[in-house]
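Let us take a walk through this model together.

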Amino acid sequence: MKLKISHVNIYCYERPVELTNHQLMLRPVESHGLRICTEKLEIYPAHNVSWKHDVFNNSVAQVYFTGKTEELRITSEYTVEQFNINPFNFSLDLYANLLPFDYQGEDLIDLAPFLIRQYPADQAVLDEWLGPRLEPSGKTETLPFLLALNEHIASHFIYGRREEPGVQSPAQTLALGSGTCRDFALLLMEAARHLGLAARFVSGYLCSSDNEAVDIAANATHAWAEIYLPGAGWKGFDPTSGILAASLHVPVATTRNPEQATPIRGSYLGDAKLFKEMRVCIEAHIIES
């Protein structure tokens with residue numbers, strides 16, 4: 001399957017301002033499951049660009065501007081070939097079939113940062129929420145439980161886009177019964193960590209399709225969670241749509257927490273009142289299947 005993504009960000013200012021250095025995470029993550037066919041990154045005003053891999057191996061464009069401007073325009077366009085057509089094409093290691101389990105060998109060392117809870121104060125709230133969904137025996141089938149939890153968030157919480165930065169804590173999302181895709185991803189991540197599973201945050205795009213359940217979050221930056229399952233590796237769970245991340249999901253960054261996955265980071269020098277408006281246009285769709 002081939003997908004096309006166009007992402008345009010325009011920032012306007014009342015008068016010419018000096019832009020600070022910007023960091024962009026807009027380039028899809030290539031792997032055996034996804035290949036970039038074509039790519040274009042256009043930036044205005046005059047600038048220099050260098051690339052780096054961050055600590056999570058995400059591609060980051062570092063942009064250094066050379067003059068003042070009344071407008072910052074960033075356009076990225078990618079066509080990608082997606083091979084993750086069947087997200088269920090895996091089998092778990094025997095010891096990981098039932099929750100709870102402990103990671104073995106070097107996996108435990110390497111996964112340690114992704115096991116740390118970001119909101120330890122929400123432990124009691126998560127206990128109350130997860131308790132009824134766990135088997136009384138204390139043992140629960142890993143994959144059916146995670147799939148059911150992923151679907152439960154999609155079907156029982158109200159989704160709404162929010163332009164303001166930041167995320168709700170798991171306790172806030174549970175209390176409100178609503179949130180954005182990044183709030184739902186964080187809730188699932190913290191629930192997984194609460195159960196001793198390594199989890200990380202994924203930022204990217206969800207391409208549009210004929211499926212209304214998917215399209216509610218399409219054509220925008222999107223977020224989901226990945227959980228490390230022995231035998232399967234990192235598996236993507238999208239609690240906004242209640243499905244496993246697959247052919248319509250295009251990851252751009254994977255990080256330990258949501259704040260590290262901001263697509264565009266940077267500012268300008270001067271009074272905050274100089275900022276006039278921001279316009280964003282995202283198109284993400286199938287071009288060949």
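P45 sits in the loop that links β3 (34-44) with β4 (47-53). Helices (H or I, at least four residues) and strands (E, at least two) are DSSP runs here, numbered from the N terminus. The peptide bond between Y44 and P45 is cis, with an omega of about 15 degrees. A cis bond also joins L99 to P100, and there omega is about -5 degrees. You will find P100 in the loop between β7 (98-99) and α1 (106-111).

Before we go on, a word on what you are looking at: this is a predicted model, in which local features need pLDDT of at least 70 and side-chain atom pairs count only at pLDDT 80 or more, while totals for chains, interfaces and linings use all residues. Residues are numbered from 1 along each chain as its sequence is written, and side-chain values use heavy atoms, with hydrogens and water left out.

Now follow the chain to the loop between β4 and β5 (59-65), where N57 lies. Although N57 is not a glycine, its phi is positive, at about 75 degrees. Is N57 buried or exposed? With a relative accessible area of 53%, N57 is exposed. For these words the cut-offs are under 20% relative accessible area for buried and over 50% for exposed, with partly exposed in between (1.4 Å probe, protein chains only).

Another loop to visit is the one between β14 (243-244) and β15 (249-255), which holds S247. S247 has a relative accessibility of 14% and counts as buried. Which residues is S247 in contact with, leaving aside its neighbours within four places in sequence? They are M1, L3, Q82, N84 and I85, where contact means heavy atoms within 4.5 Å.

Let us finish with strand β1 and its partners. Two strands pair if DSSP finds at least two bridges between them. β1 (residues 2-19) runs antiparallel to β18 (residues 275-288), and 12 bridges join the two. In this pairing, Y11 stands opposite M278 of β18. β1 also pairs with β6 (residues 68-82), again in the antiparallel sense, over 13 bridges. Here H7 has S76 of β6 as its bridge partner. Strand β17 (residues 268-269) is antiparallel to β1 as well, with 2 bridges between them. For L19, the bridge partner in β17 is Y268. As you trace strands like these, keep in mind that in a regular strand the side chains alternate between the two faces of the sheet.
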